[in-house]
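Dear colleague,

I am passing on the structure we spoke about, and below it you will find my notes on what turned up when I went through it. Please read them with the model open beside you.

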Amino acid sequence: MTIDHLIEAVIDREGGYANHPADRGGPTRYGITESVARTNGYPGDMRNFPRDQAETIYHRLYWTRPAFDQIAPRAPKIAEELFDTGINMGPAVAATFLQRALNALNRGATDYPDMLLDGRIGPATLTALDAFLARRKPVLLKAIKALQGERYVALAETRPANEAFLYGWLANRV
């Protein structure tokens, strides 16, 4: 799946304008929060936020900048999951999920060394990913999704207003 298809799927899933009272993100359109839109130069009402600006933001902030585009040729499904998780929880959280899973699955650092959990995809993460993929492909995506699901449950437990979103997060994201 190409990044354009991933962006299209996210926009379809996120829908148009929303301003749920329990959502700390405030007004959103196409899943882009008002804060992110403002940081990226959009001064207007979120009801009128242009789709092409949402697409540009998704591509730049949630695909290229966190280097998920470098994961895609190695493991397309993992890149897709990191992209989606990054949109919902932040790219650094998504990258950290990958790093945690890789560290936990390296058989006591015998397959490759543990890496620093810095939330950035760089040479150490890519080297570890390559080493993992050469040995044990299927389980990594499951590990990332498990970490994501646990975080959603924890968010609902620590902030009761998030319970309004938990079912949808688990049904549509994990």
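**Aromatic pairs and their surroundings**

Tyr-152 and Trp-169 are both buried. Please keep in mind throughout that this is a predicted model. A search of the whole structure gives 6 aromatic pairs. One of them joins Tyr-58 and Phe-83, whose ring centres are 6.4 Å apart and whose planes meet at 70 degrees, so the pair is edge-to-face. That pair links distant parts of the chain, since Tyr-58 belongs to helix α3 and Phe-83 to helix α5, 25 residues apart. Tyr-58 is buried, with a relative accessible area of 0%, and Phe-83 also counts as buried, at 1% relative accessibility.

**Helix α3**

Helix α3 covers residues 51–64, 14 residues in number, and reaches 19 Å from its first C-alpha to its last, which is close to the 20 Å expected. Its buried residues are Ala-54, Ile-57, Tyr-58, Leu-61, Tyr-62 and Trp-63. In an α-helix there are 3.6 residues a turn, so residues three or four places apart point the same way. What covers the buried residues of α3 includes α1 (3–14), β3 (32–33), α2 (34–39), α4 (68–71), α5 (76–89) and α6 (91–104). Arg-51 lies over the face of Tyr-30, at 5.9 Å from the ring centre.

Ala-67, in the loop between α3 and α4, has a positive phi of about 70 degrees although it is not a glycine, and Ala-67 is buried, with a relative accessible area of 6%. Arg-107, likewise not a glycine, has a positive phi of about 50 degrees; Arg-107 sits in the loop between α6 and α7 (123–133) and counts as partly exposed, at 46% relative accessibility.

Asn-103 is found in helix α6 and counts as buried, at 15% relative accessibility. Leaving aside residues up to four places away in sequence, Asn-103 touches Pro-113, Asp-114, Met-115 and Leu-117.

Terms used
Residues numbered from 1 in each chain as written. Predicted model: local features only at pLDDT ≥ 70, side-chain atom pairs only at ≥ 80, totals over all residues. Heavy atoms only, no water. Helix = DSSP H or I, 4+ residues; strand = E, 2+ residues; numbered from the N terminus. Expected span 1.5 Å × (residues − 1). Buried < 20%, exposed > 50% of the residue type's maximum accessible area, 1.4 Å probe, protein only. Contact = heavy atoms within 4.5 Å. Phe/Tyr/Trp six-rings, centres within 6.5 Å; stacked < 30°, edge-to-face > 60°. Lys NZ or Arg CZ within 6 Å of the ring centre and 35° of its normal.
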